[in-house]
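Please read them with the structure open.

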Amino acid sequence: MSGSTFGEELKRLRVKQDLSLRLVGEKVHSGKSHIWNLENGKATPDLRTATLLDDLLKADGALVRLAKADPKFQRLRVAQSVPFNVHSFTGLAAQLLAEGGEDMHRRGFVAGATGVAGLGVLAPSLALESARHGLMASMIEDRSQAGVDEWNQIIEDTGADYLSTSPHDLLDPLMVDVVGSQNAIKATSNPTEKGELRRVGAILSVYAAKTFSNLGLTRESRRWWRTAQQIAWGADNGTVLWVRGHEIVRSLYEQHSIDSILRLVEEADPYLTNATAEELPEFMGGKAQALAVAGRDGEAVATLHQAEEVYNQLPLSLTRVQGRESDRLWPENRIAFTQSFVYSYLGHLKEADAAQTRALELYAPDFRRGPAQIKLQRALCMVKAGDANGGTAYAQQVMQALPTGDHVRTIIDLAHTVYRAVPEEGRGLVAVADFREYLATPTKPELV
């Protein structure tokens, strides 16, 4: 092994054990193309993947050591550990992407970001800030050279990371990917490849919008929603519907006006023409939830049934979880979640209870956020059924059992929805008052 790189050793071990690229990719919850890129030095191994590969190929720690010795891996680790000015760097990035203005050379972009980031910080922090953006520049350069297959793997990984990683930890690598994807879009002249990369850029921009919202940065979140929309319009109908479905659901949790949310639904409805089943679940699920919040009972239930029909047409590649839960998949727990949401808000308590019981059975034992939301919906049903004390006590128990890093915006806002459902005459009850006090001092990830 002396003198080997991570990729060379990976390929040697794989070939020695007569394993195909596809099989290795499946075993480590990755893809054939990503394993090929790792073997040929076109992708940077992260610690999770390196550890899984090391275990699979019985490398006794050799692959992990080689991964850690990779200079690109070191840059990633340092970049994730050094604080930076979130508002200035990401604000400039989103502005450039959303406006779609003149092409800007990658180095020029990062130089501009570094300059902006330096404003208003103390002199000792300035050098560190500049060094950080230098590291991010190099990482963006690496990402910009990725092919479509590697970008598709990146968004699949991001979908899984979004559900399991704290927003604070997710932000840095996500921003590298989203800016790198935009550079890749500008760099290609192939129309088909450009369309594929626009889809990737729109999806990553949605994760940026949701991550900023989870961190309480609403201004940045709104900017990234606009970016996602503008990039999606140049991709395909399926991407437009995927982006809009996520935006509808997030807007519901953030308590935007129901009229504005229904406008989001109406604007996207024309894109349903000739859409395939694979392109529909996010939007149909979001539409059903919006109609339920609006109190449009018959339409909400009818749309929910349409979403159920769509789910039944989805291929196994979208409904079967292999490894980690992912925001990019639509397994059975997603349709059960949608049923729970719709019936909970409409007050169809029997149907809601059945959906919640089914959803909780379907979630993986180590997945926390989805079950927490289902339990909070159950608490909402308890309140609607007249048990304000029991519902709020149960909601507080759910929140206190959830690790702080999982107190993302959707969960916090749902907890507030449970409290708001308590009628005025019940606000003085002991458990209700305790829950109100608990919500008044929420624990949020610390921003640096």
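1. Buried means under 20% relative accessible area, exposed over 50% and partly exposed in between, with a 1.4 Å probe and protein chains only. At 17% relative accessibility, glutamine 229 therefore counts as buried. Glutamine 373, at 12%, is also counted as buried.

2. This is a predicted model, in which local features need pLDDT of at least 70 and side-chain atom pairs pLDDT 80 or more, while totals for chains, interfaces and linings use all residues. Residues are numbered from 1 along each chain as its sequence is written, and side-chain values use heavy atoms, without hydrogens and water.

3. Glutamine 229 is in helix 13 (residues 218-233); helices are DSSP runs of H or I of at least four residues, numbered from the N terminus. Setting aside residues up to four places away in sequence, glutamine 229 touches Val243, Arg244 and Glu247; contact means heavy atoms within 4.5 Å.

4. Glutamine 373 belongs to helix 21 (residues 369-384). Beyond its neighbours within four places in sequence, its contacts are Tyr253, Phe337, Thr410, Ile411 and Leu414.

5. Rings of Phe, Tyr and Trp (its six-membered ring) pair if their centres lie within 6.5 Å; planes under 30 degrees apart count as stacked, over 60 as edge-to-face and the rest as tilted. The count by this rule is seven aromatic pairs. With centres 5.5 Å apart and planes at 40 degrees, tyrosine 162 and tyrosine 207 make a tilted pair. Tyrosine 162 is in helix 10 (residues 148-164) and tyrosine 207 in helix 12 (residues 191-214), so the pair ties together parts 45 residues apart in sequence.

Methods:
Helix = DSSP H or I, 4+ residues; strand = E, 2+ residues; numbered from the N terminus.
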